[in-house]
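Student: I would like to learn how to read a model of this kind. Please take one feature at a time, with the general idea before the case.

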Amino acid sequence: MISYYVPDMPSTERLIPYLKEIDENHWYSNYGPLYHKFKQRLSNECLSGIAPERLTLVSSGTSAIELALRNLGLKPGSKVLTSSFTFPATVEAIINADLKPVVCDIDQDSWLLTPEIAERNLVQNDITVVVPVAAFGMPVSSEGWARFHERTGLPVVVDSAPAILNQSIDDNLYYAFSLHATKPIGVGEGGVIVCPDKSKAEAIRKMANFGFEPGRTIINTGTNAKISEYHCAVGLAQMDRLAAIKQKRSDNLEMYVTQFRRHNIKIRMQAGIDTFVPASLYVVFERVDAGELFEQLLGNGVETRRIYWPLIQCFPAFKDEIIFASLNFKRAEEVSSRGLALPFHGHLTQSDIGKTVELVVRNLAAKAVSKPSINCR
Ligand SMILES: Cc1ncc(COP(=O)(O)O)c(C=O)c1O
């Protein structure tokens, strides 16, 4: 079976020096020495050298989004505009921060919520903050969102969970990244918040540690969202092999694109794929039902995944929680129902990619189904 995803994690040998440091430090969580080292390397090697004081590392990408939203100090029930084409964590973080998710359709080519789409939906829906999503790790336009923030005065928290190797940072926006094992820099579980300034990052750091202030008092209710020293050890070992991780991902993309071109079949990839290597390789097949294709590929030993499917408003848990901004979700429905994420990870061989593309091509030639089939509103 060619697996959809096999995490690309450091070997035990690479971890040992960092685990020995933990042994010597006797410091296991609560912002220890490895936390600070990992933060410094992340900012230097992945986040264009921004001041590490603007970063807070936490226990997951989901808690990163929630804590960034909580840091805004909004009234409970304030409305948050986001994309209908995302992972459930986006909306769960919004709900957990006592805010109200408002969802809208996506851009046809980038599959993202863009500043233009957001601006069309602001006034009517009384939006107080926007959470654009870097779907599949394709970065959002930081320049575009900074201009949006300047024009509207609204805060922007980018759910850039899968995009740590691609997302540029603007000084006025918040960003939440995931370090889950399935992300390009996986540590097991973890998240990163980039704040507009150091004082906000410090407030989030306190919030992630029960809200404790110096002197052990608590002024604002917090939670426990700390990352352990062990996860930071994995992160440091990942930094040591960053060049190899990036190279492998880029080689994989190149192999897929070359193979697809050779067969000259009708597929759509996300705008930006020529510049950025995505976290997940999501392909939209014209006139094909993704559910059927999924079954056929699985039957032939290739595991794919329908990610960001169904649209977020279709989950029973969110049905009564979500407000619709768009009149229809045509683009999101099309991309969600006709697409599949193909195997895309550091353990794939050239022959795995060749086999996957051959099978896709063979199945596409044999099948052509008509309409996309989800509309749960
Ligand atoms: C768009 C998006 N947001 C948030 C998350 C949640 O990140 P984590 O699993 O680290 O909590 C994910 C995880 O896949 C994601 O894809």
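Tutor: Start with helix α11: its buried residues pack against β9, α10 (290-299) and β11. Helices (H or I, at least four residues) and strands (E, at least two) are DSSP runs, numbered from the N terminus. Packing rests on contact, meaning that the C-beta atoms of two residues, placed from the backbone, lie within 7 Å. The model is predicted, so local features need pLDDT of at least 70 and side-chain atom pairs count only at pLDDT 80 or more, while totals for chains, interfaces and linings use all residues. Residues are numbered from 1 along each chain as its sequence is written.

Student: How many of the residues of helix α11 are buried?

Tutor: A residue is buried if 20 or more other C-beta atoms lie within 10 Å of its own, exposed if 12 or fewer, and partly exposed in between, with C-beta atoms placed from the backbone. In α11 (residues 330-338), seven of the nine residues are buried, so the helix is largely enclosed by the rest of the structure. They are Ala332, Glu333, Glu334, Val335, Ser336, Ser337 and Arg338.

Student: Which way do the residues of strand β11 point?

Tutor: In a regular strand the side chains alternate between the two faces of the sheet. In β11 (residues 339-342), Gly339 and Ala341 point one way, Leu340 and Leu342 point the other way, and all are buried.

Student: In what sense do β9 and β11 pair, parallel or antiparallel?

Tutor: Two strands pair if DSSP finds at least two bridges between them. β9 (residues 281-285) and β11 are antiparallel, with four bridges. Opposite valine 284 is glycine 339 of β11.

Student: In what order do the four strands of the open sheet lie?

Tutor: The order is β4-β2-β3-β10, and the pairing is parallel. At the edges are β4 (127-131) and β10 (323-324), each of which pairs on one side only. Between β2 and β3 there are five bridges in the parallel sense, with threonine 82 partnered by valine 103 of β3. Valine 103 also has a bridge partner in β10, phenylalanine 324. The β3 (residues 100-104) and β10 strands run parallel and are joined by two bridges. As for burial, four of the five residues of β2 are buried, so this strand is largely enclosed by the rest of the structure.

Student: Which strands does α4 lie across?

Tutor: Angles run from 0 to 180 degrees between N-to-C directions, and axes are lines fitted to C-alpha atoms, for helices over the stretch in contact. α4 lies across β2 (79-83), β3 and β4, and its angle to β2 is about 175°.

Student: At what angle do α5 and α6 pack?

Tutor: Helix α5 (residues 115-125) packs on helix α6 (residues 142-152) at about 25°, and the axes are 10 Å apart. Under 35 degrees counts as roughly parallel, over 145 as roughly antiparallel, 65 to 115 as roughly perpendicular and the rest as oblique. The two helices, α5 and α6, are therefore roughly parallel to each other. From α5 the contact uses Pro115, Ala118, Glu119 and Leu122, and from α6 Gly144, Trp145, Arg147, Phe148 and Thr152. By class, the residues of this contact are five nonpolar, two polar and two charged. Here Ala, Val, Leu, Ile, Met, Phe, Trp, Tyr, Cys and Pro count as nonpolar, Asp, Glu, Lys and Arg as charged, and the others, Gly among them, as polar.

Student: Which residues come nearest to the ligand?

Tutor: A residue is near a molecule if its C-beta atom, placed from the backbone, lies within 6 Å of it. There are 14 residues around the ligand, and Gly61, Thr62, Ala89, Ala161 and Ser178 come nearest. Helices α3 (61-71) and α4 (88-96) each supply at least two residues of the shell. The shell divides into five nonpolar, eight polar and one charged.

Student: Is lysine 39 buried or exposed?

Tutor: Lysine 39 is buried, having 22 other C-beta atoms within 10 Å. It is in helix α2 (residues 33-45). Apart from its neighbours within four places in sequence, lysine 39 is in contact with Pro52, Leu55 and Leu57.
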